Amino acid sequence: MMTNILKKENVQHFLNTEKLSVFQITIFSLCFLVALFDGFDTAVIGYIAPSLITEWGIEKADLAPVLSAALLGLAFGAVCFGPVADKVGRKKVLILSVAIFAAGSYASALASSLGWLELFRFITGIGLGAAMPNAVTLLSEYCPEKKRFFLVNTMFCGFPLGAAIGGFVSAWMIPELGWRSVLWLGAIAPTLLLIVMLFLLPESVRYLVFRNQESTQIKTILSKISPRANDISSFYLEETQPEVGNGKNGVSVVLSKHYALGSIALWLTYFMGLVIFYGVMNWMPLLFKEANMPAGLGTIVTGLFALGGLGAIANGWLMDRYNKHKLIISFWLLTAISVALIGLVVGLHVTVLVTVIILSGLVMNTAQSSMPAYAASFYPTSGRTTGVSWMLGLGRFGGIAGSFLVAYLISKDISLQRIFFILAIPALLSAVALMIKVKFYKVKDQVVVPKAFVIKSY
């Protein structure tokens with residue numbers, strides 16, 4: 001007599017074999033909007049700075065603490081909330097983080113002094129720093145493997161797009177409605193998103209399987225992708241990365257003997273990328289003045305340099321099909337060449353200079369914007385959010401270092417040509433760090449992880 005055999009399935013295999021659903025597109029859209037509003041709120045202080053100087057009668061130097069407060073908050077939020085998300089879930093921390101940066105923006109709009117604004121921008125930064133890593137992780141854990149880098153990179157590009165949109169919106173709103181109106185917008189929009197997320201955003205299904213949650217809850221979520229989920233008795237999680245540590249603490253995974261070298265390589269790479277980005281962006285006006293470029297054109301070129309991160313969409317498509325390691329290392333090497341090339345063309349025709357700047361922005365921001373998805377693919381489920389969060393959080397200090405580095409070089413009367421030569425060095429260090437990581441883990445994976453293995457099932 002035949003007996004029915006209960007069918008079990010690897011949850012990632014389920015995601016890989018089903019067509020991309022409306023449910024998954026909804027998750028992508030929500031995470032994209034998180035990134036968009038994150039970028040808007042991160043950049044908004046720069047857009048309102050001239051109005052603060054005029055209205056409050058302060059000097060430019062007085063804004064330094066306010067400008068750095070959000071960066072410090074970003075680092076704090078990313079480093080602290082990443083491990084929390086690996087313990088309690090991605091959805092809870094993502095919703096909390098959006099609530100924090102919305103509340104911080106509300107409070108900032110009411111600030112009556114620099115001291116209060118500095119405090120509220122720090123609080124805003126905490127939410128911003130916690131939001132992006134969780135959005136990256138949650139989305140990546142719902143993606144089919146063949147489309148993961150494309151979808152995650154596209155989502156992450158919401159950040160530079162939000163920063164750019166903030167500039168256009170601020171240019172209209174500030175003269176008409178005042179600088180506080182931009183902060184109100186930066187609070188109201190994520191608040192509306194927060195309400196939608198409460199009803200439509202699910203917890204990561206990979207996280208639920210890893211935590212041995214009830215099969216009914218998991219099947220209910222997966223049935224929104226395909227009704228076939230109802231015909232499966234249970235799901236299990238299969239990792240291609242080794243599971244280390246106590247399995248419950250993301251920090252123990254990221255700092256474990258196996259992952260420590262790779263973690264350091266990712267931190268160094270992201271740190272160096274922001275050294276270049278903030279070093280170039282904060283001091284680009286000086287370059288424009290040196291080249292006698294019109295002020296309006298300078299603003300446009302600066303924005304185009306930042307929007308170069310949209311190239312990560314195409315790179316995501318390539319990373320899904322070709323060797324992701326070689327691709328991202330190649331972009332860092334191209335960054336080194338193109339940034340150094342800016343120094344070589346300073347003083348030449350403006351068209352040549354603008355072309356090289358846009359090219360360098362394209363390759364540099366493509367490499368940098370591809371790093372979160374690249375990091376998410378390195379860590380197992382138990383430490384993925386911590387890994388991505390710490391890379392983004394610790395990397396933020398690279399932005400501070402980049403600004404101070406260029407300021408120091410200028411104070412020593414270093415020529416602009418040599419400054420850009422020096423700014424090319426961090427890109428080379430990023431490429432070398434990733435080369436070491438690839439060589440080390442190519443050997444380790446052959447020994448430690450010869451094949452995928454089941455780490456959780458019920």
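Visitor: How many aromatic pairs does the count come to?
Guide: The count comes to 13. Rings of Phe, Tyr and Trp (its six-membered ring) pair here if their centres lie within 6.5 Å; planes under 30 degrees apart count as stacked, over 60 as edge-to-face and the rest as tilted.

Visitor: Phe76 and Phe122, what sort of pair do they form?
Guide: A tilted one, with 6.1 Å centre to centre and 45° between the planes. Phe76 sits in helix H3 (residues 64-88) and Phe122 in helix H5 (residues 114-140), so this pair ties together parts that are 46 residues apart in sequence. Helices here are DSSP runs of H or I with at least four residues, strands are runs of E with at least two, and both are numbered from the N terminus.

Visitor: Before we go on, what am I looking at?
Guide: A predicted model, where local features need pLDDT of at least 70, side-chain atom pairs count only at pLDDT 80 or more, and totals for chains, interfaces and linings use all residues. Residues are numbered from 1 along each chain as its sequence is written, and side-chain values use heavy atoms, with hydrogens and water left out.

Visitor: Back to that pair. Is Phe76 buried, exposed or partly exposed?
Guide: Partly exposed, with a relative accessible area of 41%. Phe122 gets that label too, at 28% relative accessibility. The cut-offs are under 20% relative accessible area for buried, over 50% for exposed and partly exposed in between (1.4 Å probe, protein chains only).

Visitor: And Phe378 with Tyr441, what kind of pair is that?
Guide: Edge-to-face: 5.0 Å centre to centre and 80° between the planes. The pair links distant parts of the chain, since Phe378 is in the loop between helix H17 (371-376) and helix H18 (384-411) and Tyr441 is in helix H19 (residues 416-448), 63 residues apart. Phe378 and Tyr441 are buried.

Visitor: Which residues do ring pairs link into a cluster?
Guide: Tyr259, Phe378, Tyr379, Phe440 and Tyr441.

Visitor: Switching to charges. How many salt bridges does the structure hold?
Guide: Five, taking a salt bridge as a side-chain nitrogen of Lys or Arg within 4 Å of a carboxyl oxygen of Asp or Glu. One of them joins Asp86 and Arg90, at 2.8 Å from N to O. Asp86 counts as buried at 1% relative accessibility, and Arg90 does at 0%.

Visitor: How far apart in sequence are the parts that Glu141 and Arg90 tie together?
Guide: 51 residues, because Glu141 lies in the loop between H5 and helix H6 (148-156) and Arg90 in helix H4 (residues 90-109). Their side chains meet in a salt bridge of 2.8 Å, N to O.

Visitor: What about Arg384 and Glu141, what's their closest N and O distance?
Guide: 2.6 Å, in another salt bridge. Arg384 is in helix H18 and Glu141 in the loop between H5 and H6, so that pair ties together parts that are 243 residues apart in sequence. Both Arg384 and Glu141 are buried. Salt bridges with shared partners join Asp86, Arg90, Glu141 and Arg384 into one network.

Visitor: New topic, helix H10. Which of its residues are buried?
Guide: In H10 (residues 215-222) they are Ile218, Lys219, Ile221 and Leu222. They cover an arc of only 160° around the axis, so they lie on the same side of H10; the arc is that of the directions from the helix axis to the C-beta atoms.

Visitor: What covers them?
Guide: The cover includes helix H1 (11-17), helix H2 (22-56), helix H9 (205-210) and strand E2 (234-239).

Visitor: Last one: what does the secondary structure come to overall?
Guide: 19 helices and three strands. Of the 458 residues in the protein chain, 55% count as buried.

Terms used: Contact means heavy atoms within 4.5 Å.
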